[in-house]
Amino acid sequence: MIQMLTPEGKRVPGGEYERFAEDLDDEMLRLMYRDMTLSRRVDAEGTALQRQGQLGLWVPLLGQEAAQIGLGRATRPQDFIFPSYREHGLALTRGVPPETLLGIFRGVSHSGWDPQAHNLHPYAIVIGAQTLHAVGYAMGVQLDGDIATGDQDRDTATIACFGDGATSQGEVSEALTFAGTYNAPVLFFLQNNQWAISEPTTVQTKAPLHTRGVGFGVPGVRVDGNDVIATYAVARAGLDSIRAGNGPLLLEAYTYRMGAHTTADDPTKYRSDAETENWRAKDPIRRLRRYLLESEMADQEFFDGVDAEADELAAGLRKACVEMPDPDPQEMFSHVYSHEHALVSEESAWHAQYEASFAEAEAR
């Protein structure tokens, strides 16, 4: 497993991936610390708002911040990402407003954001389905000639995000088959958080998950997913290779879900507190904070400033959540097809007339 920052915050050599971490200067490392801290605060507010009845559900990312921020900061603007439903930190690196994430779980939006504006597909609730979408998109990129041109602003990688539980789904095997066969420019980003709801990884498979793609012609590598530096470096190396036309890669970020699977789940029923505490000692934010302090890249004033920003963000999120307007019912007919569709237009017109009939009845 590739590691460049130990749980104690000590920097260690990353071997062949070391050169990919060279552009992580003091400013970039501080930025990634801020990213992780704000992501965790958004996550905490999402959980609290669900408990207060303001959200129907929330999917926590607690413990997986380094995996998501490391990947997010390794991508280029033209890369296109297909998330599952837990990629809140990754969404923030793509410029998605955090209150937009809440809208999905409040039920006021089907997808929350314009995927073309952020090169981030809407969240996928069906486990593993997005991996097929990602491979299809990657094959389109390939047919458009947007790989191996040498142009850093054109060459494009596609990223499919999924968890360890999704590897038990047939869609993931099908996606690996197509990616390997067609040499598609796609990174399979697997966040192995050890638990597929209540099933541990050891029950799902006997083989290490990063080896899962080998039989499909997709090489794999495992990185310490609680190490933001290593995740960045390995992801960047993989994405550079993919954009150069060298085919797909499976990257397993070995991490841990410290919270519940969703707010509808009680993890105390299937795992021990001792296990969770063991992983809490490997906390991704804590280790980067130690490294920044001991390396004198940041001081207490910096950390206090980030905490103050997180407090301000949380207050804004709470206000935005409770003030979200109900959606216009006509919006359900928007964005169903890329072009006007006769049947959808007919249904939209019928529904508008149906709504108008209520207003006419009240007027009488």
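Which residues is Leu 71 in contact with, leaving aside its neighbours within four places in sequence? The legends below refer to a predicted model.

**View 1. Surroundings of Leu 71.** Leaving aside neighbours within four places in sequence, the contacts of Leu 71 are Leu 90, Ile 159, Cys 161, Leu 187, Phe 189, Thr 231, Ala 235 and Leu 239.

**View 2. The largest nonpolar core.** This core has 65 residues. Leu 71 is among those with the most contacts inside it, together with Leu 29, Ile 229 and Leu 288. Helix α9, residues 228–243, supplies the largest share of the core, 10 residues. In soluble globular proteins, nonpolar side chains tend to be buried together.

**View 3. Overall fold of the protein.** The protein contains 13 helices and 7 strands. Its radius of gyration is 22 Å, close to the 21 Å that the globule rule gives for 364 residues, so the protein is as compact as a globular protein of that length. The C-alpha trace spans about 75 × 45 × 40 Å along its principal axes. Of the contacts with a separation of 6 or more, 75% are between residues 24 or more positions apart.

**View 4. Burial, surface and charge.** Of the 364 residues, 49% are buried. The accessible surface comes to about 16700 Å², and carbon and sulfur atoms account for 51% of this surface.

Key: Residues numbered from 1 in each chain as written. Predicted model: local features only at pLDDT ≥ 70, side-chain atom pairs only at ≥ 80, totals over all residues. Heavy atoms only, no water. Core = buried A, V, L, I, M, F, W, Y, C linked by side-chain atoms within 4.5 Å. Buried < 20%, exposed > 50% of the residue type's maximum accessible area, 1.4 Å probe, protein only. Helix = DSSP H or I, 4+ residues; strand = E, 2+ residues; numbered from the N terminus. Contact = heavy atoms within 4.5 Å. Rg over C-alpha atoms; globule rule 2.2 N^0.38 Å. Areas by Shrake-Rupley, 256 points an atom, 1.4 Å probe, with all protein chains shown as cover. Lys, Arg positive; Asp, Glu negative; His and termini not counted. Charge placed at Lys NZ, Arg CZ, Asp CG, Glu CD.
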